[in-house]
Amino acid sequence: MNYTAEKLEKSQVKFNYTVDKDAFNAAIKQAYEKTKHKYAVPGFRKGHAPQKVIEGMYGQGVFFSDAVNELIDSSLAELEKSADYDFVAVDSVCDVDMTEDGGVKYSIVMVVKPEVTLGQYKGLSVAKKAVKVTAKEVDEKIAQEQEKQARLIDVDTAAANGNTVTIDFVGSVNGEKFEGGSAENYDLELGSNTFIPGFEEQLVGVKAGEVKNVNVTFPENYQAEQLAGKEAVFECTVKAVKVKELPAIDDEFVKEVSEFNTLAEYKADVKANLTKEAEEKAERDLEDEIVEKIVDASTVEIPQAMVDREAEDMVHEFEYRLMYQGLKLDDYLKYLNMTREQLEDQYKDQAQKTVKVRLVMEALVKAEDLKIEDKEIDEKIEKFASDSSQTVEEFKKTLHKEQIDYIVTSIMNEKLLAFLVKENVAAKKSAKKAESEAEVNADDAKVEEKKPAAKKTTKNTAKPATNNNTHKQNKHDPQKDR
């Protein structure tokens with residue numbers, strides 16, 4: 001089939017096809033063979049009526065649409081194989097008409113990947129943030145481990161915020177118990193905002209053995225629609241009031257939570273780990289800032305079809321994440337009173353940015369002619385195999401095309417980011433500064449190691465902690481990695 005191509009606006013190419021009479025008649029014949037069983041003709045069994053008979057009964061153009069569709073499908077298949085264009089989507093089929101010689105003509109408008117005009121991407125003045133881990137950060141990290149080792153101790157005092165109460169509770173609306181409104185031996189930390197607003201506050205001051213009626217109103221947007229906006233009463237039987245006892249941070253504590261024997265050794269290790277984490281984050285932040293600058297300086301006219309497809313992919317990804325949590329997207333949307341289309345619309349701005357980043361990154365790879373060697377793929381596969389405790393041969397058997405594509409893409413991203421950082425002059429200077437600071441941190445650690453080990457202290461029962469944090473509702477904001 002002959003065609004001519006003409007570039008249109010918004011990354012579109014129009015392919016104009018002309019099919020001669022003989023080729024079109026062959027398509028008509030093919031359409032007849034595929035659809036003849038649909039037509040009932042008196043005197044013939046279904047599927048056995050001759051083409052001319054069917055055309056005489058149903059009209060000369062009875063097979064026209066099917067024949068044209070066959071030709072269009074064939075044209076699309078050929079276009080997909082073309083090395084001259086990088087197609088994104090089919091925009092439309094138009095201008096379908098008969099030719100004077102009895103053939104047919106039609107046009108296919110395709111959306112192609114747009115061209116990117118790169119901005120500056122070498123010699124950018126982006127500096128890597130200096131990394132410094134303070135003694136306060138080390139103490140806070142150790143305090144988190146201390147919290148994990150805390151014990152709950154029964155007390156005879158009245159419950160306060162930060163205490164944990166063990167309760168049996170039975171909920172009712174208008175005197176009727178409702179499903180899911182009862183539990184026994186439930187440990188509730190007061191001030192944690194685990195229960196609906198107003199519930200925990202009414203248990204402040206209770207003692208073990210008391211029975212307390214808690215009066216609450218379910219939020220208007222409560223997930224269980226039958227309870228939304230309803231007033232309820234929970235009869236709570238207080239089984240126990242407990243306070244948190246924190247262990248003393250000393251050498252004995254260190255031996256319990258780590259492989260070290262002294263607090264000084266443990267602190268040095270915590271500082272080293274925090275420094276490593278901070279260095280990795282600083283490196284990621286540097287890469288992100290460089291990419292952001294390059295993307296902002298680059299121009300590209302992104303077809304709407306690419307944005308729509310990316311938004312659809314984001315919704316699919318979100319749907320999979322919900323599935324892993326045992327939830328369904330339809331239920332989630334129903335709870336938010338939202339349609340799938342509306343959710344996709346919310347992703348459009350993010351999708352636009354994601355597509356632009358991807359197109360600019362691809363343009364950078366092409367501009368610098370970056371290549372991936374088989375050796376690099378083998379090394380990455382070996383690492384993945386090792387991480388999954390499999391041999392390379394075993395791991396390769398489990399690989400699908402999508403996974404291989406992911407491996408190749410990840411290698412190229414790493415290579416491109418390494419190139420961009422290398423070309424960043426400010427990054428080179430800050431790297432030297434970071435090395436100097438690392439040496440200072442190492443010297444500090446040595447000095448700290450020479451300090452005498454902390455004396456063992458007696459464990460004291462901590463005072464009940466008061467939780468004054470205002471509860472914040474976190475709305476899910478799904479984001480695709482770049």
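1. Helix 1 and helix 2 are roughly perpendicular to each other. This holds for a predicted model, in which the two helices pack at an angle of about 85°. An angle of 65 to 115 degrees counts as roughly perpendicular, which is why the term applies here. Helix 1 covers residues 21–35 and helix 2 covers residues 51–58, and their axes lie 11 Å apart.

2. Which residues meet where helix 1 packs on helix 2? From helix 1 come Ile28, Lys29 and Tyr32, and from helix 2 come Gln51, Ile54 and Glu55.

3. The surroundings of Phe24 deserve a separate point. When residues up to four places away in sequence are not counted, Phe24 touches Val19, Phe64, Ala67, Val68, Leu71, Met98, Gly102, Gly103 and Val104.

4. The next points concern charged pairs. Side chains of opposite charge can pair when their charged atoms come close. A search of the whole structure finds 26 salt bridges. In one of them, between Arg151 and Glu245, the closest N and O atoms are 2.5 Å apart. Arg151 belongs to strand 6 (residues 151–155) and Glu245 to strand 10 (residues 231–245), so this pair ties together parts that are 94 residues apart in sequence. Is Glu245 buried or exposed? Glu245 is buried, its relative accessible area being 14%.

5. A second salt bridge joins Lys415 and Glu376, with 2.9 Å between the closest N and O atoms. Lys415 is part of helix 12 (residues 401–422), whereas Glu376 is part of helix 10 (residues 374–387); the pair therefore ties together parts that are 39 residues apart in sequence. Lys415 counts as partly exposed at 25% relative accessibility. Glu376 is partly exposed too, with a relative accessible area of 21%.

6. How many residues apart are Asp405 and Lys401 in helix 12? They are four residues apart, about one turn of the helix. These residues form a salt bridge whose closest N and O atoms are 2.9 Å apart. Asp405 counts as partly exposed, at 35% relative accessibility, while Lys401 is exposed, with a relative accessible area of 59%.

7. Where is Glu200 placed? Glu200 is in the loop between strand 8 (176–189) and strand 9 (211–217). Glu200 is buried, with a relative accessible area of 4%; the limit for this class is under 20%. Leaving aside neighbours within four places in sequence, Glu200 is in contact with Leu188, Glu189, Leu190, Gly191, Ser192, Asn193, Thr194 and Phe195. For Leu190, which is 10 residues away from Glu200 along the chain, the C-alpha atoms of the two residues are separated by 5.5 Å.

8. Asn185 has a phi near 55°, a positive value in a residue other than glycine. Asn185 is placed in strand 8 and counts as partly exposed at 48% relative accessibility. Asn337, also not a glycine, has a positive phi of about 55°. Asn337 lies in the loop between helix 8 (329–336) and helix 9 (340–367), and it is exposed, with a relative accessible area of 70%.

How values were computed
Residues numbered from 1 in each chain as written. Predicted model: local features only at pLDDT ≥ 70, side-chain atom pairs only at ≥ 80, totals over all residues. Heavy atoms only, no water. Salt bridge = Lys/Arg side-chain N within 4 Å of Asp/Glu carboxyl O. Buried < 20%, exposed > 50% of the residue type's maximum accessible area, 1.4 Å probe, protein only. Axes fitted to C-alpha atoms, helices over the stretch in contact; angles between N-to-C directions. Parallel < 35°, antiparallel > 145°, perpendicular 65-115°, else oblique. Contact = heavy atoms within 4.5 Å.
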